[in-house]
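User: I've got a new model open and want a quick tour. Can you walk me through it?

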Amino acid sequence: MRTGAQQGPEIWIRGPVAVPEPEPARTSGTVRRFSWVGTHGGSGVTTLAAVYGGQDCGRDWPGPDDPPSVLLVARTHASGLAAVLHALEIFRRGQAPAGLDLDAVVLVADAPGRLPRPLAQQAKLIESVVDVYRVPWVQAWRLGDLSGRPPRETEALARLTGAAR
């Protein structure tokens, strides 16, 4: 070792250096809750709340004790799609009650089969401005049987609402 020359501290490393593992993300263990809000009568809010969980607000805005995360619901017929476009305009203008968060629109099939072209174009317009989840025609639900698994096509909605098993 030289004298008079300035040296930094000696560092000795023995063996491999362990990289500390990041702490696991802390979760509250609770599933995010939603308020289902129908944009028109007969939209299917009660059925969706029964199948996927969440608060059934009917056609009313969520109250102070309801979850502020809103899922707007409409049938895929002409008046249903017009109603959801009107509700989206209310959110866009800031006229929805304060504190509500529009999470998505849920379009429930009004009949089995494909949508006619004009309705499909309206649905695409809605999809261009907000997340949309589609629920197909479920004959068992029409008959009041909500006991089965949700349709395979709604897996993304089930994950969103925490109903996925």
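Analyst: One term before we start: helices here are DSSP runs of at least four residues, and strands are runs of at least two. Also, this is a predicted model.

User: Fine. How many helices and strands does the protein have?
Analyst: Five helices and five strands.

User: What pattern do they follow along the sequence?
Analyst: The order is β-α-β-β-α-β-α-β-α-α.

User: And how much of the protein is buried?
Analyst: Of its 165 residues, 35% count as buried. The protein exposes about 11,200 Å². Carbon and sulfur atoms supply 51% of that area.

User: What share of the contacts comes from residues 24 or more positions apart?
Analyst: They account for 68% of the contacts with a separation of 6 or more.

User: Switching to salt bridges. How many are there?
Analyst: The count comes to three.

User: Which residues are linked in a network?
Analyst: Glu89, Arg92 and Arg93. Glu89 meets Arg92 at 2.6 Å, N to O. Glu89 also meets Arg93, at 2.9 Å.

User: How are Glu89 and Arg92 placed in helix H2?
Analyst: They are three residues apart in helix H2 (residues 78-92), so about one helical turn separates them.

User: Are those side chains buried or exposed?
Analyst: Glu89 is partly exposed, at 26% relative accessibility. Arg92 is exposed at 62%. Arg93 is exposed too, at 53%.

User: What does Arg134 pair with?
Analyst: Glu127, in a salt bridge of 3.2 Å, N to O. Arg134 is partly exposed, with a relative accessible area of 35%. Glu127 is partly exposed, also with 35%.

User: New topic. Where is Ser69?
Analyst: Ser69 is in strand E3, which covers residues 69-75.

User: Why does Ser69 count as buried?
Analyst: Because its relative accessible area is 8%, and the cut-off for buried is under 20%.

User: What is Ser69 in contact with?
Analyst: Leaving aside neighbours within four places in sequence, the list is Arg32, Arg33, Phe34, Ser35, Asp101 and Asp103.

User: Last one, Asp145. Where does that sit?
Analyst: Asp145 lies in the loop between helix H4 (139-142) and helix H5 (155-161). Asp145 is partly exposed, at 37% relative accessibility.

User: Which side chain does Asp145 make a polar contact with?
Analyst: Ser147, with a polar contact of 2.5 Å between the two side chains.

User: And how far is Asp145 from Thr47?
Analyst: In sequence, 98 residues. In space, 9.9 Å, C-alpha to C-alpha.

Terms used. Residues are numbered from 1 along each chain as its sequence is written. This is a predicted model: local features need pLDDT of at least 70, side-chain atom pairs count only at pLDDT 80 or more; totals for chains, interfaces and linings use all residues. Side-chain values use heavy atoms; hydrogens and water are left out. Buried means under 20% relative accessible area, exposed over 50%, partly exposed in between (1.4 Å probe, protein chains only). Contact means heavy atoms within 4.5 Å. Accessible areas come from the Shrake-Rupley method with a 1.4 Å probe; for residues, only the protein chains shown count as cover. A polar contact is a pair of N or O atoms within 3.5 Å; within protein, one must be able to donate a hydrogen and the other to accept it, and residues adjacent in sequence count only if both atoms are side-chain atoms. A salt bridge is a side-chain nitrogen of Lys or Arg within 4 Å of a carboxyl oxygen of Asp or Glu.
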